[in-house]
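Please look over the sequence and the model shown below before reading on.

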Amino acid sequence: DGLLPGGVDARQWSPGHCPVRSRYGSGMEDAGEEAPVVAWMEHHQVVLYLGALVAGAVLGLAAPAARSLLEVAIAPVLVTLLYATFLGVPFHRLRAAFADARFMTALLVVNFLVVPAVVLPLSRLVADEPGLLVGTLLVLLAPCVDYVMVFTRLAGGAWSRILAASPALMLIQALVLPLWLAFAAGSPGAQGGGISWQPFAQAFVLMIALPMGLSILTRRASPRFRPSARLASATTALMVPLMMATLVFVVASQVPHVASRPDVVARVVPLFVTFALVMPAVGDVAGRMAHQGRQKRLALAFSGTTRNSLVVLPLALALPDSMGMAPIAVVTQTLVELVVMAIGVRLFPRLIR
């Protein structure tokens, strides 16, 4: 219908209109007048992300000795990316998001009830390897809050509804993900020593809670404090390059490890592909049961399929060496997902009518 909850015209959030960060719409600069390069990157970001994946793979395979240096670079780039990501999540619209009660209910049911019901039996296929199990659960149980809007919009779906719901998706997954992990990965004494929650807590505070809190403070200060507004505009303008840099560093640092364990990749790729094949149909069915139109059903399909891999990656990297397979699972899912989504923007609209 072109409107966000509360009657805000969704056109102001689109790349052809004003905000620098068109996916989320910080609304602080005019992309068309002041940042044509940013507008171009926003329009071609899917291709740019796929190119970053290829560049990272080539770099990692060509210079495996640089892995340790690349791993050091991941943390600051990822923190900056997450800060930029959270800047675009409209936490101030959390109440308004629930105005579309049927869509919000369907969205929460798909992501927090149906997805776990699909993931838990799939995860049993890697239950014998604690690192793979935890990595798989981490990445598949966390719904995406960033480039899901890109793919939904390219496919003609109701991406503004996903945007409005993104605060709820982010906050709820932060609350329920530890519970699902504790339930699905077993007790601390199980799975060969189980999970130590201290690295998770540290990574969550430093890599997620801190940038999220800073982003909220920046947005609140922007109307009254011009440097905050400039910082927000500059950061959101760099969103696509930050995502590309993160993909390059993550893939380049992990691809030698991934390439050295083709047996691990062979185990998780079919699992991730199965998930990506099932969830679009689930989103469509959930939308029909909630009496949603085609655009909203497309949005449900993309939200159920697209996962929050780069947000949960710090948690996977914080795990002890005994669970070193977890980052491989997360990175592999990212590679599979971006390829599936590049196909999905063409295929999903033909299947969901």
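The paragraphs below go from the whole chain to a helix, the salt bridges and the nonpolar core.

This is a predicted model, in which local features need pLDDT of at least 70 and side-chain atom pairs count only at pLDDT 80 or more, while totals for chains, interfaces and linings use all residues. Residues are numbered from 1 along each chain as its sequence is written, and side-chain values use heavy atoms, with hydrogens and water left out.

The secondary structure of the protein chain comes to 16 helices and 2 strands, where helices (H or I, at least four residues) and strands (E, at least two) are DSSP runs numbered from the N terminus. Of the 353 residues of the chain, 56% count as buried; buried here means under 20% relative accessible area, exposed means over 50%, and partly exposed lies in between, with a 1.4 Å probe and protein chains only. Among the contacts (heavy atoms within 4.5 Å) with a separation of 6 or more, 81% are between residues 24 or more positions apart. The accessible surface of the protein chain, computed by the Shrake-Rupley method with a 1.4 Å probe, comes to about 14400 Å², and 68% of this area belongs to carbon and sulfur atoms.

Helix α6 covers residues 101-123, and its 23 residues should span 33 Å at 1.5 Å a residue, which agrees with the 31 Å between its end C-alpha atoms; the expected span is 1.5 Å times one less than the number of residues. At V115 in α6, shortly before the proline P116, lies a kink of about 35°, the bend being the angle between axes fitted to the seven residues ending at a position and the seven starting there.

Side chains of opposite charge can pair when their charged atoms come close. A search of the whole structure finds 5 salt bridges, each defined as a side-chain nitrogen of Lys or Arg within 4 Å of a carboxyl oxygen of Asp or Glu. In one of them, R161 pairs with D100, with the closest N and O atoms 3.3 Å apart. R161 lies in helix α9 (residues 159-184) and D100 in the loop between α5 (94-97) and α6, so this pair ties together parts that are 61 residues apart in sequence. Both R161 and D100 are buried, D100 being counted so because its relative accessibility is 14%. K296 also forms a salt bridge with D100, at 2.9 Å between the closest N and O atoms; because K296 lies in helix α14 (residues 294-305) and D100 in the loop between α5 and α6, the pair ties together parts that are 196 residues apart in sequence.

Another salt bridge joins D128 to R267, whose closest N and O atoms are 2.7 Å apart. D128 lies in the loop between α6 and α7 (130-140) and R267 in helix α13 (residues 262-289), so parts that are 139 residues apart in sequence are tied together. D128 counts as exposed at 57% relative accessibility, whereas R267 counts as partly exposed at 32%.

Which residues of the largest nonpolar core touch the most other members? In this core of 106 residues they are L137 and F302, a nonpolar core being a set of buried Ala, Val, Leu, Ile, Met, Phe, Trp, Tyr and Cys residues joined through side-chain atoms within 4.5 Å. The largest share of this core, 12 residues, comes from helix α16 (residues 325-351).
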